[in-house]
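Here is a short briefing on one protein chain. Look over the sequence and the structure first, then read the points below.

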Amino acid sequence: MQLRYAMTGLVVTLALAGCQRTAYDYNSSPNAGPAPLTAQPVPSVQGGQLPPVNNSQFPAAPASTAPMPGAQSGAMAANALDVTKESMVGSWRVNGSCDMFLTLTNLGSGSRGGTRGCVGELTAMGSWEVAGKQVLLKDRSGNQLGSVYKTADNRFEGQTSTGQQISLSR
């Protein structure tokens with residue numbers, strides 16, 4: 001029994017010994033703070049006129065976002081239903097074979113969009129925007145790839161700039 005009390009006392013003593021404060025005591029030496037750092041030299045700033053801009057190092061401006069002439073028939077444009085940007089957001093099935101995703105995240109003059117599993121021009125799609133009753137599909141540089149018109153609830157018809165038919169549905 002005595003050994004049991006001795007072991008308990010030893011364990012308590014060791015536990016209390018481990019609880020000592022090991023942090024720095026700031027009151028023990030009030031004048032002994034860390035030494036200040038020395039300043040590093042900084043080079044002087046130069047001023048002057050910048051050289052003229054060399055326009056050849058910038059890409060050409062994107063093509064106009066106006067509707068492509070002859071891309072859509074006049075009958076389709078005249079019979080098109082009203083479309084809002086908010087109604088376009090989400091996932092669309094393209095020609096029944098691939099997917100198009102449209103968001104409201106700004107990208108240039110339009111909103112971010114993209115495709116998965118598509119072939120042809122639509123693989124380069126990077127943005128989109130609503131212009132009147134049509135939805136313009138653009139590449140990552142802002143050039144128009146094609147356009148579609150709303151023909152029914154959750155259905156759009158149109159074509160790319162090369163004449164490939166596009167059908168969007170949900």
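Helices here are DSSP runs of H or I with at least four residues, strands are runs of E with at least two, and both are numbered from the N terminus. On that basis the protein has 3 helices and 8 strands. The model is a predicted one.

**Overall layout**
- From the N terminus, the order of elements is α-α-α-β-β-β-β-β-β-β-β.
- The protein has 170 residues, and 27% of them are buried.
- Take the contacts between residues at least 6 apart in sequence: 39% of these join residues at least 24 apart.
- The accessible surface is about 12,000 Å². Carbon and sulfur atoms account for 57% of that area.

**Nonpolar core**
- The largest nonpolar core holds 18 residues.
- Met88, Val94, Met100, Val135, Leu137, Phe156 and Leu168 touch the most other members.
- Two or more residues each come from β1 (90–94), β2 (98–107), β4 (125–131), β5 (134–139), β6 (144–152) and β8 (165–169).
- Strand β2 gives the largest share, 3 residues.
- Leaving out residues up to four places away in sequence, Val135 touches Val83, Met88, Trp128, Glu129, Val130, Gly146, Ser147, Val148 and Phe156.

**Strand β7 and its partners**
- Strand β7 spans residues 155–160 and is mostly covered, with 5 of its 6 residues buried.
- On one side of the pairing list is β6, which pairs with β7 in the antiparallel sense over 6 bridges.
- Ala152 stands opposite Arg155 of β7.
- The hairpin of β6 and β7 has 2 residues between the strands, and Asn154 takes a positive phi near 60° there.
- Strand β8 also runs antiparallel to β7, joined to it by 5 bridges.
- Gln159 stands opposite Gln165 in β8.
- The β7 and β8 hairpin has 4 residues between its strands. Gly163, in that turn, has a positive phi of about 100°.

**Nonpolar patch on the surface**
- Leu3, Met7, Leu10 and Leu14 make a nonpolar surface patch of about 440 Å².
- Leu14 sits in helix α1, which covers residues 2–17.
- Is Leu14 buried or exposed? Leu14 counts as exposed because its relative accessibility is 58%, and the cut-off for exposed is over 50%.

Notes: Residues are numbered from 1 along each chain as its sequence is written. This is a predicted model: local features need pLDDT of at least 70, side-chain atom pairs count only at pLDDT 80 or more; totals for chains, interfaces and linings use all residues. Side-chain values use heavy atoms; hydrogens and water are left out. Patches are made of residues with over 30% relative accessible area and no salt bridge: like charges are joined within 9 Å, nonpolar side chains (Val, Leu, Ile, Met, Phe, Trp, Tyr) within 5 Å. Accessible areas come from the Shrake-Rupley method with a 1.4 Å probe; for residues, only the protein chains shown count as cover. A salt bridge is a side-chain nitrogen of Lys or Arg within 4 Å of a carboxyl oxygen of Asp or Glu. Buried means under 20% relative accessible area, exposed over 50%, partly exposed in between (1.4 Å probe, protein chains only). Contact means heavy atoms within 4.5 Å. A nonpolar core is a set of buried Ala, Val, Leu, Ile, Met, Phe, Trp, Tyr and Cys residues joined through side-chain atoms within 4.5 Å. Two strands pair if DSSP finds at least two bridges between them.
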